[in-house]
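Here is a short briefing to read alongside the sequence and the 3D view. Take it topic by topic, with the viewer open.

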Amino acid sequence: MSSPPPRLSLFARGSWPETRRITAVLRTETAGDALLIIAAAIGLIWANTPWSSAYEALRDFQLGPTGLHLNLSLETWAADGLLAVFFFVVGLELKREFVAGDLRDPRRAALPVVAAVGGMVGPALIFLAFNLGNGDAAKGWAIPTATDIAFALAVLAVVSSHLPTALRTFLLTLAVVDDLLAVTVIAIFYTDELHLPYLGPAVLPLAAFALAVQRRIRSPWLLIPLASATWWLVHESGVHATVAGVLLGFTVPVLTTRSGAGDPSTQDPGLAEWFEHRIRPFTASFAVPVFAFFAAGVTIGGLDGMVDSLTDRVTLGIIVGLVAGKAFGILFTTFVTAKLTRAELDSDLSWIDVTGVALLGGIGFTVSLLIGELAFADQPRWEDHVRIGVLVGTLTAALLAAIVLRIRNRAYRRIAEEETRDDDNDGIPDIYQQGA
């Protein structure tokens, strides 16, 4: 498919080789998540230095038009504004999976879809078990249920030189469904007050945006105002503004048909891939790292503060939920479904591989922190404990997953090396070598 004219690009054209090279790097999973980790570390360290007051002043600095009720702090702009762009990309990914990806085939999608559901139920039950009788702490039940798709894929990319492609596909499908469920949870359970006079009119710019992209219009002078109007109306309605990003992403066509509308062989990637190709560098290099910078800036209060946080039931519920709840929920539901139905695990995978993916599911950084802010916005003490719990749980799950997958990677590498030696022994096929 021919590339779109440069004048229609949503962002700078980047004609210099250096700009194109940097943009390509930012599209990779590892680079984006390295920036995320660095930004979170800077926020956490800065908030615990003698200069923490400067960090708090920056985080609480307000800007935006008061007349539109948008005189918000930088922290709020990051959570409501920048993450909406990130969730727009999530919406594009979700639609692409449903239309042209693994979720299109129910037989292939069955196990990872069920695994995603189990991976949300398990952590929620563990969190609630830790916080029975703990006041309003139960409001945070959804915090350990989310998987950070980009972070998880980045960890897999680092250790997966020889892991089967089916493993990445399983993780991607699981994480995509997890994202869809997380957005649904945010919309239903973390919307305190619904203002229909704003929510109803939001359909108008959303429909206009959908009509424009269906007609293959890519001009930012039209699409950005329509998307901004949709975001503002959803924000004012009481529904979290990231939901607007997902809805806008869902409207973008995934396939462009050259000829023969009913023939899949005549279809090319559509606007969804085009948008994602241009917007992902922005989310990877700026939107998500800025959110992480403000979200991770919790004041620990020295050793005593860390001990206090790690002994709090909210923190423990999050850590155990992310590490054990995710792994058990994913493994249990996948195994039971495979045994009781016709759904089968890919022939290239073993249950040890699924264990590694299940541990990766416990990486719940971006969306977990967002849900924590929504759940405990009026309770700063628990909000700080949420951040520590998410950080500790995510790092623990990532470390355990890396160990398991590294061991499996070595096993697959040995198999590949043995097959190469057998098939490349002086050009003589393996069957003749055995006969000799």
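**Helix 9 against helix 10**

Helix 9 (residues 203–214) and helix 10 (residues 220–237) bring their axes within 8 Å of each other, crossing at roughly 150°. That makes helix 9 roughly antiparallel to helix 10, since angles over 145 degrees count as such. Please keep in mind that this is a predicted model.

- Helix 9 makes a left-handed crossing as it passes helix 10.
- On the helix 9 side, the residues that meet helix 10 are Pro205, Leu206, Ala208, Phe209, Ala212 and Val213. Their counterparts in helix 10 are Leu222, Leu223, Leu226, Ala227, Ala229, Thr230 and Leu233.
- Sorted by class, this contact of helix 9 with helix 10 has 12 nonpolar residues, 1 polar residue and no charged ones.
- Arg216 sits in the loop between helix 9 and helix 10. Its phi is near 65°, a positive value in a residue other than glycine.
- Arg216 counts as partly exposed, at 32% relative accessibility.

**The chain as a whole**

- The chain has 18 helices and 4 strands.
- Of its 436 residues, 49% count as buried.
- Among contacts in the chain with a separation of 6 or more, 79% come from residues 24 or more positions apart.

- Helix 4 (residues 74–100) packs with helix 12 (residues 271–295) at an angle of about 145°, and their axes are 9 Å apart.
- This is a left-handed crossing of helix 4 past helix 12. By class, the contact of helix 4 with helix 12 has 20 nonpolar, 1 polar and 5 charged residues.
- Glu75 belongs to helix 4. Is Glu75 buried or exposed? Glu75 counts as buried, because its relative accessibility is 17% and the cut-off for buried is under 20%.
- Apart from neighbours within four places in sequence, Glu75 is in contact with Arg59, Phe294, Glu373 and Arg387.

**Helix 16, an enclosed element**

- In helix 16 (residues 366–375), 9 of the 10 residues are buried, so this helix is largely enclosed by the rest of the structure.
- The buried residues of helix 16 are Thr366, Val367, Ser368, Leu369, Leu370, Ile371, Gly372, Glu373 and Ala375.
- Glu373, buried in helix 16, is also one of the contacts of Glu75.

**Thr394 in helix 17**

- Thr394 lies in helix 17 (residues 380–423), and with a relative accessible area of 1% Thr394 is buried.
- Which backbone atom does the side chain of Thr394 reach? The side chain of Thr394 comes to 3.3 Å from the backbone nitrogen of Gly364.
- Beyond neighbours within four places in sequence, Thr394 is in contact with Phe151, Leu322, Gly362, Ile363, Gly364 and Phe365.

**Two further places to look**

- Pro197 is in helix 8 (residues 196–199). Pro197 is exposed, with a relative accessible area of 68%.
- Although Pro197 and Ser237 are 40 residues apart in sequence, their C-alpha atoms are 7.4 Å apart in space.
- His69 is placed in the loop between strand 1 (62–63) and strand 2 (72–73). For His69, phi is near 60°, a positive value in a residue other than glycine.
- With a relative accessible area of 48%, His69 is partly exposed.

How values were computed
Residues are numbered from 1 along each chain as its sequence is written. This is a predicted model: local features need pLDDT of at least 70, side-chain atom pairs count only at pLDDT 80 or more; totals for chains, interfaces and linings use all residues. Side-chain values use heavy atoms; hydrogens and water are left out. Axes are lines fitted to C-alpha atoms, for helices over the stretch in contact, and angles run from 0 to 180 degrees between N-to-C directions. Helices (H or I, at least four residues) and strands (E, at least two) are DSSP runs, numbered from the N terminus. Angles under 35 degrees count as roughly parallel, over 145 as roughly antiparallel, 65 to 115 as roughly perpendicular and the rest as oblique. A crossing is left-handed if the near helix is turned anticlockwise from the far one by less than a right angle, and right-handed if clockwise. Contact means heavy atoms within 4.5 Å. Ala, Val, Leu, Ile, Met, Phe, Trp, Tyr, Cys and Pro count as nonpolar, Asp, Glu, Lys and Arg as charged, and the others, Gly among them, as polar. Buried means under 20% relative accessible area, exposed over 50%, partly exposed in between (1.4 Å probe, protein chains only). A polar contact is a pair of N or O atoms within 3.5 Å; within protein, one must be able to donate a hydrogen and the other to accept it, and residues adjacent in sequence count only if both atoms are side-chain atoms.
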